[in-house]
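Here is a short report on a protein chain and its ligand. Take a look at the structure first.

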Amino acid sequence: MTLQVKESRLEEIQGDLLIEKGIRLFVKRDDLIHPYVSGNKWRKLKYNVEAFLHSGKDALLTLGGAYSNHIIATAAAGKEFGIQTTGIIRGEELTADSNPVLHFARDCGMELVFVSREQYKSLHDETGLQSFLYNLKHKTLNFKHIFLLPEGGFNELAVKGCEEIIPEIEIPFDYICCAVGTGATICGIIRSLKVEQQAIGFPVLQGEGFLQKQIEEYVGDKNNWSLNFGYHFGGYAKTTDELKKFCTEFSERNKIPIESIYTGKMFYGIYDLIKKNFFKPGATIVAIHTGGTSFIS
Ligand SMILES: *Cc1c(COP(=O)(O)O)cnc(C)c1O
């Protein structure tokens, strides 16, 4: 039994700016991989689910914020495979009814454990997490039987799943762009890229030093990639009226829904860089639509 990742299609974007600059822009529609789950989250889970099923463990445990696409994905995979999942959610004041994400997760059968922001922070270090899980086990879980997925789902198996994006792209291209949260997706992309192709990541949060280093750790001495920190709009889920307007107009014009947390920032960045003649004339760009629009109205 393996988690199926449907191949997503490529669509070309039209527009005066693209014609004027002689740029071809394609979107790889990973957002169509699953009706609720961000495409890249599904890819990141593929080999983790496989490892879980071979591990003999009882439960898949992960953590995230109340709007986390990774929580949605883990809950959905749990339902699909009959796996018991537990989500440690940041925000003790929350309930399963407080938003559509948590509602969906609970309906998928995910057990939700709400913790304060303070406590959540302590889970980022290994000892803090271990002692939290140890205490938790007396209530709900048998700690030894837990398969732990890190926050945001970033691990080697997640990167492996994202290595499968590039081989699906059947056209020649010069640049590949994606939104960057933890960096797992772009790591997989970089690993599969040809040397003459460039990957450009658009981080959606501040974290200059950290992200750069984390990606380097996973891609070794490859250097045909870069992160552009010019388009995070102040941080995770931070937005402006201009960005929101851009997302609405882009979605309507191209009949491809985007949102302002991930793909909106990437497309805004791509268009801005095109205007600034960053890309070489005649270049073909492929932008990965990682999804994230299902729970955004
Ligand atoms: C999580 C997510 C990303 C970021 O992926 P990482 O592998 O964490 O860098 C990008 N887009 C969407 C829609 C996401 O949900």
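## Ground rules

Helices (H or I, at least four residues) and strands (E, at least two) are DSSP runs, numbered from the N terminus. This is a predicted model, where local features need pLDDT of at least 70, side-chain atom pairs count only at pLDDT 80 or more, and totals for chains, interfaces and linings use all residues. Residues are numbered from 1 along each chain as its sequence is written, and side-chain values use heavy atoms, leaving out hydrogens and water.

## The shell around the ligand

The ligand is surrounded by 15 residues (a heavy atom within 4 Å). The closest are Lys41, Asn69, Thr182, Thr185 and Thr290. Helix 2 gives the largest share of the shell, 3 residues.

By type, the shell has 10 polar, 3 nonpolar and 2 charged residues. Here Ala, Val, Leu, Ile, Met, Phe, Trp, Tyr, Cys and Pro count as nonpolar, Asp, Glu, Lys and Arg as charged, and the others, Gly among them, as polar.

In Thr290, a polar side-chain atom lies 2.6 Å from a nitrogen atom of the ligand. Gly183 uses its backbone: an N or O atom there is 2.8 Å from a ligand oxygen atom. For Ser38, a side-chain N or O atom is 3.2 Å from an oxygen atom of the ligand.

How much of the ligand's accessible area does the protein cover? On its own, the ligand has 380 Å², and the protein covers 99% of that (Shrake-Rupley method, 1.4 Å probe).

## The whole chain

The protein chain has 11 helices and 10 strands. Its C-alpha atoms fill a box of roughly 65 × 40 × 35 Å along the principal axes.

Notes
Polar contact = N/O pair within 3.5 Å; in protein donor to acceptor, adjacent residues only side chain to side chain.
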